[in-house]
Structures are given as C-alpha cells and as structure tokens.
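Good morning, and thank you for making time for this item. I would ask you to keep the sequence and the structure in view while I speak.

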Amino acid sequence: MKMKPPLSGLVLALALATMALPAGAEPPAAKLVADKSQIVFVTKQMGVPVEGSFKKFDAQVAFDPKKPEGGSVALQIDTASAGFGVPMSDAELPRQPWFDAAHFPQASFQSSAIKALGDGRFEMAGKLTIKGTSKYVTVPVSIAPAPGGNYAVASGSLTIQRLDYKVGDGEWTDTSVVGNEVQVRFRFTLAGLGPL
C-alpha cells in the first residue's frame with residue numbers, strides 16, 4: 001500500500017529532517033505506541049486452536065522505509081505477561097516448564113538485516129531469543145499508514161516451533177496435547193516513522 005504524500009505536517013517535517021541528515025547518520029527513531037499495538041500467539045491444544053497474547057512489550061525502531069538497509073529493530077517481550085485469558089492457564093505460563101519468567105523475564109528479537117520488497121513490504125532477518133535459546137528467523141513485515149496519517153502500522157507473522165526454545169519442557173514435550181507449532185502475529189503502531 002503506497003502512502004499518499006503528504007499525510008500530515010509531522011510526516012512532512014520528518015521527511016525534511018531525514019533529507020537534511022548528513023551521510024552515514026542514524027535513521028530516525030520511531031516510537032512504539034503500546035496501547036495501539038499487540039502481539040498474539042496461536043497454538044493448538046488437543047488439536048483445537050487457542051489464542052493468547054503478550055500484554056507487555058517494548059521496541060526500539062530506527063528505520064527509514066526509503067533506506068531500510070541501515071535500520072534496526074529491537075523488541076523486548078515481558079514473558080510473565082503471556083496469557084490466554086483463562087486464569088488456570090495464565091498462572092502456568094510464567095512457570096518453569098513454559099516461559100520460566102523468573103529466570104528468563106524477557107524474550108527478544110534483534111534485527112540483523114532489513115530488506116525492502118516493494119509496496120510497503122519488508123523482510124526483517126534477525127535473532128529471536130526465548131528462554132535463553134536464540135535462533136535466526138526471517139519475518140515478513142508490511143507497513144502502512146494508519147488512518148489519520150499520524151502513525152504507521154507494521155504488521156506481520158511468523159511460525160516457530162515451541163520446542164526449539166524449550167517452551168513446554170518435561171511432560172509438555174508431548175505435542176499431541178499442546179502442538180509444537182506456534183503462529184506469532186503482531187501489529188505495531190509507530191509514531192514518527194518516515195514516509196513510505
């Protein structure tokens with residue numbers, strides 16, 4: 001989806017500021033608007049899809065959509081904030097067999113390369129770390145202006161195998177009870193992202 005210029009004075013000012021940056025300067029920083037953002041995960045329990053979410057997370061985004069190669073994205077997720085909205089399950093998720101939030105309070109993603117695919121689509125490669133285990137993943141991301149023009153929305157999804165990160169140890173390694181495949185979907189609202 002292409003942005004229709006100019007969406008707002010703020011975006012125009014950011015574009016002008018970006019043009020004025022000296023060569024080799026850091027890309028402009030965008031701010032995550034947490035109350036307009038979400039991270040959802042979907043797994044299967046006894047073959048039935050169930051959806052949960054993380055309630056607390058933060059991100060540092062230094063990214064110029066016109067020159068994505070020089071950008072970076074760092075995401076931190078509070079593992080104790082994971083929940084399905086069911087009290088019994090929500091009490092279990094922070095415990096040792098699952099996220100072990102006492103020893104691993106944060107999961108994280110740190111980009112190592114960002115590539116433009118055109119039409120507001122990007123590919124972000126980087127390191128995903130959960131419970132002290134890191135794996136390199138590639139995440140497709142779409143960025144579009146939010147209605148009103150003051151924000152941009154970055155959305156995407158990836159599928160991981162929970163056992164690769166030791167989420168669900170011991171008796172919970174039985175994937176007939178809780179599936180190994182987990183789809184993670186995100187929608188981040190960003191303030192101050194440069195024009196697409």
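This is a predicted model: local features need pLDDT of at least 70, side-chain atom pairs count only at pLDDT 80 or more; totals for chains, interfaces and linings use all residues.

**The pocket and its surroundings**

By class, the lining of the largest pocket comprises 37 nonpolar, four polar and two charged residues. As for volume, the largest pocket comes to about 860 Å³. Which element supplies the largest share of the lining of the largest pocket? That element is β11, which contributes five residues. As a general point on how such spaces are found, rolling a probe the size of a water molecule over the atoms shows where empty space is left.

The chain contains two helices and eleven strands, and along the sequence they follow the pattern α-β-β-β-β-β-β-α-β-β-β-β-β. Of its 196 residues, 44% count as buried. Among contacts with a separation of 6 or more, 60% are accounted for by residues 24 or more positions apart. The accessible surface of the chain is about 10,600 Å², and 58% of that surface belongs to carbon and sulfur atoms.

I turn next to the aromatic residues. How many aromatic pairs does the structure hold? There are seven aromatic pairs. In one of them, Phe57 and Phe188, the ring centres are 5.9 Å apart and the planes stand at 45°, so this pair is tilted. Phe57 belongs to strand β4, residues 57-62, and Phe188 to strand β11, residues 181-191, so the pair ties together parts that are 131 residues apart in sequence. Are these two residues, Phe57 and Phe188, buried or exposed? Both Phe57 and Phe188 are buried. Phe188 also pairs with Phe186: here the ring centres are 5.1 Å apart and the planes are at 25°, so this pair is stacked. The relative accessible area of Phe186 is 13%, and Phe186 is therefore buried. For Phe188 the relative accessibility is 12%, so Phe188 also counts as buried.

Ring pairs also link Phe41, Phe54, Phe84 and Phe99 into a cluster.

The next topic is backbone geometry. Most residues other than glycine have a negative phi. Against that background, Met46 has a positive phi of about 55° although it is not a glycine. Met46 sits in the loop between β2 (38-45) and β3 (48-54). With a relative accessible area of 63%, Met46 is exposed.

Lys131 likewise is not a glycine and has a positive phi of about 55°. Where is Lys131 found? Lys131 is in the loop between β8 (121-130) and β9 (133-145). The relative accessible area of Lys131 is 10%, so this lysine is buried, the cut-off for that class being under 20%. Leaving out residues up to four places away in sequence, Lys131 touches Gln96, Pro97, Trp98, Phe99, Asp100, Phe104, Tyr165, Lys166, Val167 and Asp169. The C-alpha atom of Lys131 is separated by 6.9 Å from that of Ala107, which lies 24 residues away along the chain.

I close with two residues on neighbouring entries of my list, Lys115 and Glu123. Lys115 is in strand β7, residues 106-118, and at 46% relative accessibility Lys115 counts as partly exposed. Apart from its neighbours within four places in sequence, Lys115 is in contact with Arg121, Phe122 and Glu123. Between the C-alpha atoms of Lys115 and Ala125, ten residues apart along the chain, the separation is 8.5 Å.

Glu123, for its part, lies in strand β8 and counts as partly exposed, at 29% relative accessibility. Which residues does Glu123 touch, not counting those up to four places away in sequence? They are Ala113, Ile114, Lys115, Leu117, Thr138 and Val139. The C-alpha atoms of Glu123 and Pro68 are 55 residues apart along the chain and separated by 9.7 Å.

Conventions. Residues are numbered from 1 along each chain as its sequence is written. Side-chain values use heavy atoms; hydrogens and water are left out. Rings of Phe, Tyr and Trp (its six-membered ring) pair if their centres lie within 6.5 Å; planes under 30 degrees apart count as stacked, over 60 as edge-to-face and the rest as tilted. Helices (H or I, at least four residues) and strands (E, at least two) are DSSP runs, numbered from the N terminus. Buried means under 20% relative accessible area, exposed over 50%, partly exposed in between (1.4 Å probe, protein chains only). On a 1 Å grid over the protein atoms alone, a cavity is a set of points where a 1.4 Å probe fits but cannot get out, and a pocket is an open set with protein on both sides within 12 Å along at least five of seven lines; lining residues have an atom within 4 Å of a point. Grid points are joined across faces, edges and corners, and a volume is the space filled by probe spheres set on the points. Ala, Val, Leu, Ile, Met, Phe, Trp, Tyr, Cys and Pro count as nonpolar, Asp, Glu, Lys and Arg as charged, and the others, Gly among them, as polar. Contact means heavy atoms within 4.5 Å. Accessible areas come from the Shrake-Rupley method with a 1.4 Å probe; for residues, only the protein chains shown count as cover.
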